[in-house]
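Dear colleague,

I am passing on the structure below, and my notes on what was found in it follow directly after. Please read them with the model open beside you.

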Amino acid sequence: MAKITRIKANDGPAKKAEQSEPAITRKKVVVKDKKQEKKTRKELKKAEKQIADGKKQGKKPFILIRPFVYLGRYLRDSWRELRQVRWPNRKATWKMVLAVIIYTALFVVIISLLDLFFTWLFSLILSK
């Protein structure tokens, strides 16, 4: 059996709540099969990477490079959001397009009627 140490971030006791970095506790996990072991190792590496990334975020880039760093972060985060979008299928897309066309036609008719009414009303008022 392999022994794997899992790192977990906690807020820590009340005394350490004032510190900016979270306290790290270690927990031993006993894994019985190889697939579970690989999964646990991946989770461990991911946790360590997040902790390392948290330490790197404290540094501020040079002032001339900052706009490019922020643009890069924006593009990266935007791409991550786009990957999470659940895009509609063809049938749902056509239903939405049809709804937009119907509502547009309805409002065109309503605005045209209002325009005709106010044109008639102003011509009636101004003719006197």
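Before the residues are taken up, one convention is needed: a residue is called buried when its relative accessible area is under 20%, exposed when it is over 50%, and partly exposed in between, with a 1.4 Å probe and protein chains only. The model is a predicted one, in which local features need pLDDT of at least 70 and side-chain atom pairs count only at pLDDT 80 or more, while totals for chains, interfaces and linings use all residues. Residues are numbered from 1 along each chain as its sequence is written, and side-chain values use heavy atoms, with hydrogens and water left out.

Confidence comes next, expressed as pLDDT, the predictor's confidence in each residue on a scale from 0 to 100. The mean pLDDT of the protein is 80, and 71% of its residues reach 70 or more. Among the elements, helix α3 (residues 90–127) has the highest mean pLDDT, at 96, whereas strand β2 (residues 23–31) has the lowest, at 57. Where pLDDT is low, the predicted coordinates should not be read in detail.

As to the overall build, the protein has three helices and two strands, which follow one another from the N terminus in the order β-β-α-α-α; helices (H or I, at least four residues) and strands (E, at least two) are DSSP runs, numbered from the N terminus. Of the 128 residues in the protein, 7% are buried. Its accessible surface comes to about 12,700 Å², with 63% of that belonging to carbon and sulfur atoms, as given by the Shrake-Rupley method with a 1.4 Å probe, where for residues only the protein chains shown count as cover. If contacts (heavy atoms within 4.5 Å) with a separation of 6 or more are considered, residues 24 or more positions apart account for 48% of them.

Strand β1 (residues 2–10) includes Thr5, and Ile4 lies in strand β1 as well. Ile4 has a relative accessible area of 7% and is therefore buried, while Thr5, at 31%, counts as partly exposed. The C-alpha atoms of Ile4 and Glu37, 33 residues apart in sequence, are 8.2 Å apart in space, and those of Thr5 and Thr40, 35 residues apart along the chain, are separated by 9.3 Å.

Side chains of opposite charge can pair when their charged atoms come close. With a salt bridge taken as a side-chain nitrogen of Lys or Arg within 4 Å of a carboxyl oxygen of Asp or Glu, the count comes to one. This salt bridge joins Arg76 and Asp77, whose closest N and O atoms are 3.5 Å apart. Arg76 is partly exposed at 42% relative accessibility, and Asp77 is partly exposed at 37%.

Finally, the aromatic rings: rings of Phe, Tyr and Trp (its six-membered ring) pair if their centres lie within 6.5 Å, and planes under 30 degrees apart count as stacked, over 60 as edge-to-face and the rest as tilted. A search of the whole structure finds three such pairs. In one of them, the rings of Phe117 and Trp120 have their centres 6.3 Å apart and their planes at 35°, so the pair is tilted. Both residues lie in helix α3, three residues apart, about one turn of the helix. Phe117, with a relative accessible area of 42%, is partly exposed, and Trp120 is partly exposed at 49%. Ring pairs link Phe117, Phe118, Trp120 and Phe122 into a cluster.

With best wishes
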